[in-house]
Amino acid sequence: MKLNKTFGVLLSGVLSIGILAACSSDSGSSSSSSSTTPTNTEPAEGTKVIKIATQSPLSGGSAIIGEAIKLGAQLKLEEEQAKFEELGYTLQLEPYDDQGDPKKGVSNANLIGADEQIYGVIGHYNSGVAIPSSEVYEKYSIAMVSPANTAVEITERGLKTVNRIVGRDDFQGPAGANYAINELGAKKIFVIQDKTAYGTGLADAFIAAAEEAGAEIVGYEGITIGEKDFNGVVNQILNKKPDLVFFGGLYSEGGIIIKQARDKGIDVPFMGGDGMDSSGLVDIAGEAVKNTYITSVAGDSTATESGKKFVEDYKAKFNKDPEGFSVYGYDSMGVFLTGLESAIKANNGELPSKDKVAEAVRAVKDYKGALTDVSFDEKGDNVNAKIFLYKFEEASYPPVQVGEVGQ
Amino acid sequence: MLQEVLQSLPQVLVDGLTLGAVYAVVALGYTMVYGILQLINFAHGEVFMSGAFIGTAFFILIMGMGWAAEIPQFILLIIVLVLTASITGLVGVGLERVAYRPLRNAPRLIPLITAIGISFILQDVVRFIAELFNGNYIVTGPSLFSEQITLKASSISSIFFDARIKTSFLIVLGVAIVLMVALDYFVNKTKWGTAMRAVALDRETASLMSINVNKVISITFFIGSALGGATGVLFAVQYGTIDPYIGFILGLKAFIAAVLGGIGNIRGAMLGGMLLGLMEMFASANLSLLTGGVFGAEYKDVFAFAILILVLIFKPEGLLGKPTAEKV
Amino acid sequence: MKAKLASYFSNKWLQVILFSLFIIVTSAALYFSQKSVVSFLLLLSSLLILHYMSLKNVTKWITALGLLFILIPFASSGGPAFQSYMEVATMVGIYISMALGLNIVVGMAGLLDLGFVAFFAVGAYSYSIFATKQASNFMPFGNFPLGGESFWGFLIIGGIMAAIAGVLIGVPVLRVKGDYLAIVTLGFGEIIRIIFNNADRPINITNGAMGIASVTPPEIFGITLSFPNQFYFVTLFILMFTIFAVLRLEHSKLGRSWKAVRENEIAAQAMGIPLVKTKLLAFALGASFSGIMGVVFAAKQAFIDPTSFTLMESFTILVMVVLGGMGSVPGVILGAAVITILNLQVLTELTNWLNQLSLSGALSIPDALSPAKMQKFIFGALLVVFALYRPKGLIPAKNKIFDVKKLKDHRPDHLNNDTEKDSVPIDKVQV
Amino acid sequence: MTILEVNSLTKQFGGLTANKDITMTVEEGKITAVIGPNGAGKTTFFNMITGVYQPTSGDIKLDGKSIVGLKPDEVAKKGISRTFQNIRLFGEMSVIENVLVGMHTHLKTNLLGILLNLPFTKKEEASAEKEAYRLLEYFELDHLLNEKANNLSYGAQRKLEIARALATKPKLLLLDEPAAGMNPKETRELTEVIKRMGQEFNVTVILIEHDMKLVMEISEHIVVLDHGEKIAEGNPEEIRTNPKVIEAYLGSAAVH
């Protein structure tokens, strides 16, 4: 008796849960038939939907940057919507949150791959997530344009679909090292990294270049992300008396290290990579941020006319200042859409296959973005990628550009 | 090598004491609850974290009011400490009511699981409140007590370097010591303190002696959580930047400190906290130096957990605790 | 009315007919409307319904195997979403197996282990290191990476490595009692992760935080396995073995010893059960299930790094066990499935949906409240609610029901070494 | 024949001496009672014999071999089983499973046998189950076999604990206040069971009990402890009239 009641309850329970879940599932991956999804991008009669996904950490420690990438991409997509509407296509953005977690990234990648209408991905932020996820994109021939991944490994695996518009670690690291040694005259350098894939990669590239340029690495130390007390490492810096401290890691730890070091009277310059390129650095470190240099793959958006326009549009649309990576999200989307457009045209206006789109994206040459020009080489690296050097002269964001290194 | 270790010693001691003071006061909360309920209140680290956020919110709020800028910083700190401690104290009492009291006779695994659940909930609630108001859950409070004092260690012996101290360090240490002494007095010299010790020894007999056990447990939670919250404020003052995830690992470390000192023993918790803070700071400053770069500062957590395991195996009653045998 | 309805449901044939109908409808829905996650979930839930049906165990098992091996892969193969369903199903399988392992430790032996993911990591690393060039950094001989066929051997090696890790951790940890055990295991879990994260110096064993990329995919009869649907079957086979083993253990001498230790250590010891050995066996066996799945996970991801093995993972597995019902095999399977699907599919889809809504301006939800970020909150709430109101989980553990008839038949000739069986009739004591 | 020999056994907890210099022997097949006022150290004495506590000094010999230093489970395997003053059943397990756990020392199967469900394991398990059922029948618990031990009445729990202890097929069975909390009828029944059990299961019984009627009725030998020391020993009649015992129980005023 009891068993059978359970059976009945279960059946009805499962059904009702199913109906509840229906709303969520349909919309997430829905086809054009879904009339339950109230979007203003509802396809007009006779147009075909092309979706572009973003994958970046929308939650967790890097959420600010992940959000910035997403918003940048969103802005570009909305600008281009009208143009594609004329070609007979409706563009839709599909933001995914990879949480900075490789498992989540791969699982999302499979969802993306399963969606026939998704032709491209703008992402990721963490290289550790991008590497396994891109293996999945490759299987489904979905073109990926990375706005932020600098790890060497990303494009070294010979995948047809993987492209990036930013410089590599083995380009960024040396750029920083050369500046530190030649411009700042650093001879003894203390290197700290946050023991993540990003921090290790950057710090190792920096060390290799710095040693080659003749500097001495007087200390090399790892920290634990999420902590707030880095006095132990700061004390080591005190002991070693370097002329420069390099930190491979993100702004959340970098800011605290800078602050605690300045409190201890360490007034030598600090240097970091693009992970420190965030307004959060200034919030955390406050006045202590002065005399900090960062190398970033992200340039000053206001340097060009199109860049200025981007900043204004971004502020108007989202009611906040763009972060360093916002413009890269914007340009990545631009590159992808350029590739998409040429693939459609090559196919006489018909919907091309995903293979063809990926090929067309790889073939993009001399794209003029809001910040960077993009031409991909055979690996998918941007030959026009530049590394920019900034200095925090005041406790304000963005910092002042002090240099620019091309390939 | 030894010379380098010695040079930085004064500074390491100062930093270690700061961290140790934080561990010590948080450890008190664990030790009090464990003493009375034999329960590891996993959520205690989160109460500490909430305290840090509530305190920072108060600082921002009060300093945002024009006239408040006139208040001396020290008075401001005391106001915020009292306010925050009261709130987190009540949070602690509520926590016990909702999550632990109904489970007092359940198998021991169950309250431990609720405690983990509660700490997740607190983390996420604080996160989204912070994100709603701040746009980012990493929050940096106003900078207070940032004057620098130089401790002339080099005048004692030329081996040492001078140590730099932020005024906040003295404040943290001072307040922590006042809190600990006050608690020690409360537990050992007052009526409620006696009742608390009675309940800790034997709950049933205590209730026969007309002690209101539930009330005593509530008070214990209130005091423990108030201390935790107050430490959160001190932490925010000392380190400036906080996020919703600071409580978990710090809570664990404080628990290790409590075990090290002898769980259930208030003075033990203080000693354990200070010791752990010092050892950890020493390890992170010197580990890579002493091992020639093979093990770096990132192993300092391994170090802390190793201490816990060694203590539990070889001296489970801790440094100041008394051994007990299980009744068969 | 109610009674009548209930009696309808108690009819076995009616149940079978309803059930078949349900399966046919859901699989057809899944096959033809490719994107219907709902029908996929409903089809999976048919296994749960099957669990509650009044059929013979053998029949249930055969039906379940048929569903899992044939119908589910077939029904979801109707469209391009196939691989993503298979990916989710594979992850579900991996987590179920891990949860079953933890269930031995927490549910049966009553030892709260908060560092369980460490064993998963041990399994994953033992394959990844040897299936990439990584091993040549410290192995003086051998040709690395090993070929894809070695995967099958590594399933066993991974299991054994994890079991060894379980014993190594267990020996010091088990001297610690009760609540302390939770903290110490948590500490060990973190220690193992920190070591994996730092073992790139002085000898590069794990490649540290950079992780190990391009892990050789498994190979069988010359076929390289790289798609989720292929891993689905690999996982399913291992899972079936795991479930089979766990069910065997549950009602055996060993399972009873674990439960006895959980219920009362002192009494268990007085009954001749060696505490340390019994607990270590629980640790080792639970760990080995996790280690085997670690190998599968590494091969499936083709890339592993320490961020996949954080404390949060250990807690996730614990939530699965608590939600399903500590000590209950069907419960834990359900718990693991629910949480994995919630994490990987439902929360993601829900977030996408809300994003669509806010992009279109239909409603505005602050980003702080997006469901994908609420994972911890949801886990916390589940833990608290279940601990308070349903401490035995969704499907509570049941004791084996003994059949009196079987026990009465063929009595043994003598009881104990009773020599006076003839003179003293052993019957009920009359008072 | 002597089955258990205790030689000047002493146990100290810190400064407190719980047992002091206890020497006694237990004859095989006889029922021996250990009595004494509360706090006399009776349970401590049991705990030392079963290996829960290690004695501070002294020796315990079972069948002439010392068992000091063995862990409780090793002691159990040597043939000493026990019940507990505060009942310690496996509460969430069924009644028959409780008894089956008692039989574990005699089950020879191993991990491989269990995982592969070898015929040997199957057979062993089936016969153990039948044996367990017979024990339950003996204690009139057979109708409760699938109940959870926690759901049993107090008296039934006491009986189940004895049944579980007997399942280990001990030479020596230690009963710690078996009649505590039972009503007179249950006590009477229990008295009968203990009396017959010794013979039928070929087991020597030592019991701690406060119910003097029960003690006097069934024991053949009585040892009296007070303040951790043995103050008297003898058959029921001798103990009943021993002034030292009366003093211990009723205070010195009663004698003088």
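Is Gly167(A) buried or exposed? At 3% relative accessibility, Gly167(A) counts as buried, where buried stands for under 20% relative accessible area, exposed for over 50% and partly exposed for values in between (1.4 Å probe, protein chains only). The structure is a predicted model, in which local features need pLDDT of at least 70 and side-chain atom pairs count only at pLDDT 80 or more, while totals for chains, interfaces and linings use all residues. Residues are numbered from 1 along each chain as its sequence is written, chains are lettered from A and ligands numbered from 1 in the order in which they are written, and side-chain values use heavy atoms, with hydrogens and water left out.

Gly167(A) sits in the loop that runs between β5 (162-164) and α6 (169-183) of chain A; helices (H or I, at least four residues) and strands (E, at least two) are DSSP runs, numbered from the N terminus. Neighbours within four places in sequence aside, Gly167(A) is in contact (heavy atoms within 4.5 Å) with Asn149(A), Thr150(A), Val297(A), Ala385(A) and Ile387(A). Pro147(A) is 20 residues away from Gly167(A) in sequence, and the C-alpha atoms of the two are 9.8 Å apart.

Elsewhere in chain A, five of the seven residues of strand β7 (residues 216-222) are buried, so β7(A) is largely enclosed by the rest of the structure. Strand β6 (residues 188-193) of chain A pairs with β7(A) in the parallel sense over six bridges, pairing being assigned if DSSP finds at least two bridges between two strands. Within this pair, Gly219(A) of β7(A) stands opposite Phe190(A). A cis peptide bond, with omega about 5°, links Gly123(A) to His124(A), and His124(A) belongs to the loop between β3 (118-123) and α4 (127-140) of chain A.

Turning to chain D, an open sheet is formed by four strands in the order β2-β1-β4-β5, with antiparallel pairing. The edges are taken by β2 (16-27) and β5 (65-66) of chain D, each having a single partner strand, so one side of each is left without a neighbour in the sheet. Strands β1 (residues 2-13) and β4 (residues 57-62) of chain D run antiparallel and are joined by five bridges; Val6(D) has Ile60(D) as its bridge partner in β4(D). Lys169(D) is another non-glycine residue with a positive phi, about 50°, and is found in the loop between α6 and β7 (172-176) of chain D.

How do the chains meet? Among the five pairs of chains that touch, chains C and D have the most contacts, whereas no contact joins chain A and chain D, whose closest C-alpha atoms lie 18 Å apart. Chain D and chain C each bring 53 residues to their contact. The area buried between them is about 5000 Å², with carbon and sulfur atoms giving 61%; buried area is the accessible area (1.4 Å probe) that two parts lose on being put together, summed over both. Of the area that chain D buries against chain C, 13% is supplied by His104(D), Lys130(D) and Arg134(D), more than by any other three residues. Three salt bridges are counted between chain D and chain C, each a side-chain nitrogen of Lys or Arg within 4 Å of a carboxyl oxygen of Asp or Glu. In one salt bridge, the side chains of Lys400(C) and Glu129(D) meet at 3.5 Å, N to O.
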